[in-house]
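Trainee: I would like to work through this model by question and answer. Where do we start?

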Amino acid sequence: MQNIVILAGNIGQTPEIRTTQGGTKITNFTLATSRPRLSEGKVIRDDNGYRVMDTEWHRITCFNGLGKTVAEHCEKGMKVLVQGRIHYTKWTDASGTDRYGCEIIAEKVDFLSRPKASAGESPDLVDRDDEIPF
């Protein structure tokens, strides 16, 4: 049995990093994935002929080194591919109501668009392997 998730989408807000009392670094961000809206097996189009898209938002959590890399190089709007697992949680809020949550624990994050330049780094110094002429 396996719990494997692969999502490709756009980062919804700048990743936020925090550190637990035990020293574990945790980075959180949201990821938007979109798919065409269907009706009776056909793609729905708007008045201008464009496909109508349904967007879903996913909460992504990264730990330690992966989280640090994501926090340093990712920003809102970047395209990424996240591989990980689904994690469900249950807790009781202050009023005694049971609450439930779902998040994706990332094990790998691939950048599908250029990462932002680090502080003090010129955008020209960002690795551009795809521009090498051989």
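Mentor: With a cut-off. Buried means under 20% relative accessible area, exposed over 50%, and partly exposed in between. Keep in mind that this is a predicted model.

Trainee: Is arginine 35 buried, exposed or partly exposed?
Mentor: Its relative accessibility is 45%. The band between 20% and 50% has its own name. Arginine 35 therefore counts as partly exposed.

Trainee: Which residue forms a salt bridge with arginine 35?
Mentor: The closest N and O atoms of the pair are 3.8 Å apart. The cut-off is 4 Å, from a side-chain nitrogen of Lys or Arg to a carboxyl oxygen of Asp or Glu. The partner of arginine 35 is glutamate 56.

Trainee: How many residues apart in sequence are the parts that this pair ties together?
Mentor: Arginine 35 is in strand 3, and glutamate 56 is in strand 6, residues 53-63. Glutamate 56 is partly exposed, at 41% relative accessibility. The salt bridge of glutamate 56 with arginine 35 therefore ties together parts that lie apart in sequence by 21 residues.

Trainee: What is the N to O distance between arginine 37 and aspartate 54?
Mentor: Arginine 37 is partly exposed at 35%, and aspartate 54 is partly exposed at 21%. Their side chains meet in a salt bridge. The N to O distance is 2.7 Å.

Trainee: Where does arginine 37 lie?
Mentor: Its salt-bridge partner is aspartate 54. Aspartate 54 lies in strand 6, and the pair ties together parts 17 residues apart in sequence. Arginine 37 lies in the loop between strand 3 and strand 4 (38-39).

Trainee: Is lysine 90 buried or exposed?
Mentor: Lysine 90 forms a salt bridge with aspartate 98, at 3.6 Å from N to O. Aspartate 98 is partly exposed, with 38% relative accessible area. Lysine 90 has 53%, and the cut-off is over 50%. Lysine 90 is exposed.

Trainee: How many salt bridges does the count come to?
Mentor: Among them are glutamate 56 with arginine 35, arginine 37 with aspartate 54, and lysine 90 with aspartate 98. The count comes to seven.

Trainee: Which backbone oxygen lies 2.9 Å from a polar atom of the side chain of threonine 27?
Mentor: Threonine 27 lies in strand 3, residues 25-36. Threonine 27 counts as buried, at 0% relative accessibility. Its contacts include Ile60, Cys62 and Val70. The backbone oxygen belongs to glycine 67.

Trainee: With which side chain does the side chain of threonine 33 make a polar contact?
Mentor: Threonine 33 is also found in strand 3. At 16% relative accessibility, threonine 33 counts as buried. Among the residues touched by threonine 33 are Leu7, Asp54 and Glu56. The polar contact, at 2.8 Å, is with histidine 58.

Trainee: Which residue in strand 3 is the bridge partner of glutamate 16?
Mentor: Strand 2, residues 16-19, pairs with strand 3 in the antiparallel sense over four bridges. The two strands form a hairpin with five residues between them. In the turn, glycine 23 has a positive phi of about 95 degrees. The bridge partner of glutamate 16 is asparagine 28.

Trainee: In the largest nonpolar core, which residues touch the most other members?
Mentor: The core has 15 residues. Strand 1 (5-11), strand 3, strand 6, strand 7 (79-92) and strand 8 each give two or more residues to this core. Isoleucine 60 is in contact with residues including Leu7, Phe29, Leu31 and Val82. The residues asked for are Phe29, Leu31, Ile60, Val80 and Val82.

Trainee: How far is cysteine 62 from the nearest cysteine sulfur?
Mentor: Cysteine 62 is buried, at 0% relative accessibility. A search of the whole structure finds zero disulfides. A disulfide needs sulfur atoms within 2.5 Å. The nearest cysteine sulfur to cysteine 62 is that of cysteine 74, at 8.1 Å.

Trainee: How far apart in space are lysine 108 and leucine 81?
Mentor: Lysine 108 lies in strand 8, residues 98-111, and is partly exposed at 41%. Its contacts include Leu66, Leu81 and Gln83. Lysine 108 and leucine 81 are 27 residues apart in sequence. C-alpha to C-alpha, their distance is 8.1 Å.

Key: Residues numbered from 1 in each chain as written. Predicted model: local features only at pLDDT ≥ 70, side-chain atom pairs only at ≥ 80, totals over all residues. Heavy atoms only, no water. Buried < 20%, exposed > 50% of the residue type's maximum accessible area, 1.4 Å probe, protein only. Polar contact = N/O pair within 3.5 Å; in protein donor to acceptor, adjacent residues only side chain to side chain. Contact = heavy atoms within 4.5 Å. Core = buried A, V, L, I, M, F, W, Y, C linked by side-chain atoms within 4.5 Å. Pairing = 2+ DSSP bridges. Lists of a residue's contacts leave out its neighbours within four places in sequence.
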